[in-house]
Amino acid sequence: MSRAAVLTALVVLGVVVEIVVPDRAIYHAGWYNVAIAALAVWAIVSTRRAPLIAFGVGAIAFACIASGLLGPDTRTVVGAPETSVRVDEAGGTLAFPAAQADPTVLLQRGASAQPIGARRYTATALLRSVPRTVVAVDVSDARGAHLTITQPTGSAFLSPVLLMQNTQTIAGLDLPFDMFAVPAAHRIVKAVLFSAAQAASVPALAAAHSPVVLFDLEDDTGASIPRGIGVAPDGRSITLVGLRLRPRVLEYPAVEVTSIPDLAVVGAGLLAIFIGVLLTRRRVAR
Amino acid sequence: MNARLRWLLILGAVAIALLILVPLFGSQRPSVSGPAGMVGQTAPVFTLHDDRGNPVSLAQYRGKVVVMNLWASWCPPCRAEMPDLQTVAREYARDGVVVVGVNQGESAERAAAFAHSLDIAFPIWIDDGQQYGRTYAALGLPTTIVIDRRGVVERGFDGPLTIEQMRSTLAQVVRAT
């Protein structure tokens with residue numbers, strides 16, 4: 001195999017690996033991109049008698065380097081149920097479904113809506129659905145009348161689903177927590193989630209045999225309320241200072257967005273290399 | 001390399017550069033957050049119940065201009081805004097405008113008592129799951145959405161409106177559709 005073929009194959013291999021195994025810090029490292037550029041220049045010089053191959057190698061390397069240096073870092077988009085979040089890398093909007101059994105996030109672009117599963121490629125990004133644990137809370141007053149829950153600092157003001165994006169450590173356990181308000185009762189509530197395994201490791205919670213939510217009530221000035229702390233196992237209610245709180249622990253998807261080399265450019269580059277190889281072979285055969 | 005092939009390569013390179021750069025820079029348009037971000041979209045519709053327990057839906061108002069006001073009894077600006085909504089509901093009824101108050105997260109009894117205390121005559125719907133608030137990206141209460149006769153969101157407002165703002169908005173929407 002000629003040097004040109006080996007160099008071309010290495011560049012192609014590099015981009016294929018970036019697409020199939022994305023989300024590696026190395027792709028954003030300066031030295032890696034310099035190496036890809038150097039490899040590509042060497043390949044282009046070596047294939048100068050086959051301009052289409054040289055062009056294809058250049059296009060692929062360009063897409064690789066553009067993604068590595070200019071593409072955004074991998075991020076996780078966490079949306080509240082029944083909300084939409086614009087994702088520019090994907091060229092569309094993620095529509096988060098209702099918190100129900102087997103919820104699937106949809107990528108909406110124009111009139112089309114595609115489900116995000118284990119892997120959904122767009123032109124410049126890979127989208128992956130990743131499950132997270134969230135807590136839906138029902139709140140009612142002492143007479144059982146339903147009360148509004150608001151999340152002034154959450155991703156959706158009027159969502160009763162807590163996305164639990166913060167973490168605090170209690171007794172050596174890293175526990176997700178979230179806050180919500182019950183304006184009609186002038187209460188601010190902190191909800192701390194213990195998974196079933198974490199609850200089992202705490203003697204006072206072990207009897208629940210399920211995830212447990214610890215509620216800590218404050219008034220709307222932030223002052224603690226006597227007897228305002230209590231725990232409720234998943235699906236069961238607790239009444240604290242006139243408020244009845246019932247948590248439901250749910251699995252709900254978030255979407256991980258990873259930038260990849262532009263698939264249209266890579267496709268064009270591979271096509272150019274393929275045609276270039278065919279033309280070169282025909283010329284050699286003559 | 002002949003001249004034609006060279007030009008083809010140059011054009012190809014430019015096209016590829018554009019393919020890379022347009023998604024990276026061209027899509028950085030400012031996104032509008034809150035209810036105003038819904039403008040131009042078909043209004044999502046859910047079946048709810050009114051304060052008397054009857055099933056209701058925005059679909060029943062297709063062909064009319066709908067002013068959907070999201071509110072709650074604990075919200076002082078909502079209380080302040082209600083009489084003005086009542087006034088415009090009367091003024092624009094002949095133009096096919098309907099005002100609907102969608103209570104967010106409270107019981108039908110509480111919502112009905114609140115509406116009764118203010119002599120509100122327009123329909124009061126109960127959204128105890130706060131679906132409309134989430135879907136229309138409410139940033140607070142009150143939130144007001146104006147939906148045109150085709151069922152498309154025309155305006156989205158975060159916070160209370162003055163009666164002048166209501167009249168001006170409705171005059172434009174009624175005239176446009």
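H186(A) sits in the loop between β10 (173-182) and β11 (187-194) of chain A. Helices (H or I, at least four residues) and strands (E, at least two) are DSSP runs, numbered from the N terminus. H186(A) is not a glycine, yet its phi is positive, about 55°. Its relative accessibility is 45%, so H186(A) counts as partly exposed. Buried means under 20% relative accessible area, exposed over 50%, and partly exposed in between (1.4 Å probe, protein chains only).

This is a predicted model: local features need pLDDT of at least 70, side-chain atom pairs count only at pLDDT 80 or more, and totals for chains, interfaces and linings use all residues. Residues are numbered from 1 along each chain as its sequence is written, chains are lettered from A and ligands numbered from 1 in the order in which they are written, and side-chain values use heavy atoms, with hydrogens and water left out.

**Chain B**

Chain B has five helices and seven strands. From the N terminus on, their order is α-β-β-β-α-β-α-β-α-β-β-α. Of the 177 residues in chain B, 48% are buried. The accessible surface of chain B is about 8,600 Å², with 57% of it on carbon and sulfur atoms. Such areas come from the Shrake-Rupley method with a 1.4 Å probe; for residues, only the protein chains shown count as cover. Contact means heavy atoms within 4.5 Å. Among contacts in chain B between residues at least 6 apart in sequence, 70% join residues at least 24 apart.

The loop between α4 (131-135) and β6 (143-147) of chain B holds P142(B). A cis peptide bond links L141(B) to P142(B), with omega about 0°. A137(B) is found in the loop between α4 and β6 of chain B. Its phi is near 55°, a positive value in a residue other than glycine. A137(B) is partly exposed, at 28% relative accessibility.

**Where the chains meet**

The contact takes 32 residues from chain A and 33 residues from chain B. The two chains bury about 2,700 Å² between them, 66% of it on carbon and sulfur atoms. Buried area is the accessible area (1.4 Å probe) that two parts lose on being put together, summed over both.

Between chain A and chain B there are 12 residue pairs in polar contact (both at pLDDT 80 or more). A polar contact is a pair of N or O atoms within 3.5 Å; within protein, one must be able to donate a hydrogen and the other to accept it, and residues adjacent in sequence count only if both atoms are side-chain atoms. On the side of chain A that touches chain B, α3 (51-70) and α5 (263-285) of chain A each supply at least two residues. α3(A) gives the most, with eight residues.

**Salt bridges**

The whole structure has 11 salt bridges over all chains. A salt bridge is a side-chain nitrogen of Lys or Arg within 4 Å of a carboxyl oxygen of Asp or Glu. Two salt bridges lie between chain A and chain B.

| Pair | N to O distance |
|---|---|
| E89(A) and R75(A) | 3.0 Å |
| R110(B) and D141(A) | 3.4 Å |
| R150(B) and D148(B) | 2.6 Å |

E89(A) lies in the loop between β2 (84-87) and β3 (92-95) of chain A and R75(A) in strand β1 (residues 75-77) of chain A, so the pair ties together parts 14 residues apart in sequence. E89(A) is buried, at 16% relative accessibility. R75(A) is partly exposed, at 34%.

R150(B) is exposed, at 55% relative accessibility, whereas D148(B) is buried, at 1%. Salt bridges that share partners join D148(B), R150(B), E154(B) and R155(B) into one network.
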